[in-house]
Amino acid sequence: MKFIAKTLEGLEEILAVELGQLGADNIEILKRAGSYSGDKMILYKSNLLLRTCLKVLVFMKEFVVSDENDLYKEIKKMPWEDYLGLEDTFAIDSVVNSEKFRHANFIALKAKDAIADRFREKYNQRPNVDTQDPTLKINIHIRENIVTLSLDSSGQSLHMRGYRKHTVDAPINEVLAAGLVLMSGWDKKMTLVDPMCGSGTILCEAARIAGNIPPQSHDRTFALKKWKSYDPDLWQMICDESEKKIQTSSMPVLIGYDLSQKAVQA
């Protein structure tokens, strides 16, 4: 399988290092992303363990189109019944960077029609669209006339770790914070001081890096857990292995200061 891990600009190289540590193959650095290949285990590890990743997309197909009708035909050809049941829901996320195709919402609508029409012709019924919590989230990226079709395996952006109980104005993105720590050359042993820590995101990410604590909780609602192909036993095995690697008995000293008492309390 081929995957695309999305990240923030400037973190591509450290993301590639992380992918190598996971055991991914054929790693290629892209703009704000990295492409790589692997099996289902690599997919699950990517979502659970990558600290500098925003989303993990599973590559399905790439093709060239000349207009919206071509797009409709190509998407309708895909065996969507292998991924969706009639009781399931789906959503389309489209990103367009093209002179020919200018309206992402229209692209999403054509793709939705293609999937719905395929089901109607086969079963005289169709799955519903759910933009909030779909069974399957489909990603369409158009660059000029090249369409890349992928499945979003993550769901909610992976920068949302789930450990933050309170927030402050303009907090630093957790993926960026983790990337800064990893790029700093910090040895995970010496004291780390953040003199303008805000609500402590850099310190939180540093603590998780030092203790080898996964960035995500194993019971997080990842999109891939709703897929027909989801393997709960494999997922649990990966989670159990990551739990065994946690080392918090000798954590380094982490110190934060901030002018805002509200931020420090958060």
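A residue counts as buried under 20% relative accessible area, as exposed over 50%, and as partly exposed in between, with a 1.4 Å probe and protein chains only. By this scale Lys 226 is partly exposed, with a relative accessible area of 30%. The model is predicted, so local features need pLDDT of at least 70 and side-chain atom pairs count only at pLDDT 80 or more, while totals for chains, interfaces and linings use all residues. Residues are numbered from 1 along each chain as its sequence is written, and side-chain values use heavy atoms, with hydrogens and water left out.

Lys 226 forms a salt bridge with Asp 133 at 2.3 Å, N to O, where a salt bridge is a side-chain nitrogen of Lys or Arg within 4 Å of a carboxyl oxygen of Asp or Glu. Lys 226 lies in the loop between helix H6 (201-210) and helix H7 (232-244), and Asp 133 in the loop between strand E6 (128-129) and strand E7 (136-143), so the pair ties together parts that are 93 residues apart in sequence. Helices (H or I, at least four residues) and strands (E, at least two) are DSSP runs, numbered from the N terminus. Asp 133, at 48% relative accessibility, is also partly exposed.

The count comes to 12 salt bridges. Another of them joins Arg 32 to Glu 9 at 3.7 Å, N to O. This pair links distant parts of the chain, 23 residues apart: Arg 32 is in the loop between strand E2 (25-30) and strand E3 (33-37), Glu 9 in the loop between strand E1 (2-6) and helix H1 (12-22). Arg 32 is partly exposed at 38%, whereas Glu 9 is exposed at 54%. Glu 9, Lys 31 and Arg 32 are linked in a network of salt bridges.

On a 1 Å grid over the protein atoms alone, a pocket is an open set of points where a 1.4 Å probe fits, with protein on both sides within 12 Å along at least five of seven lines; lining residues have an atom within 4 Å of a point. The space in the largest pocket is about 710 Å³, a volume being the space filled by probe spheres set on the points, which are joined across faces, edges and corners. Elements that give two or more residues to its lining include E1, E2, E3 and E7.

The second largest pocket has a volume of about 560 Å³. H1 gives the most to its lining, with five residues.
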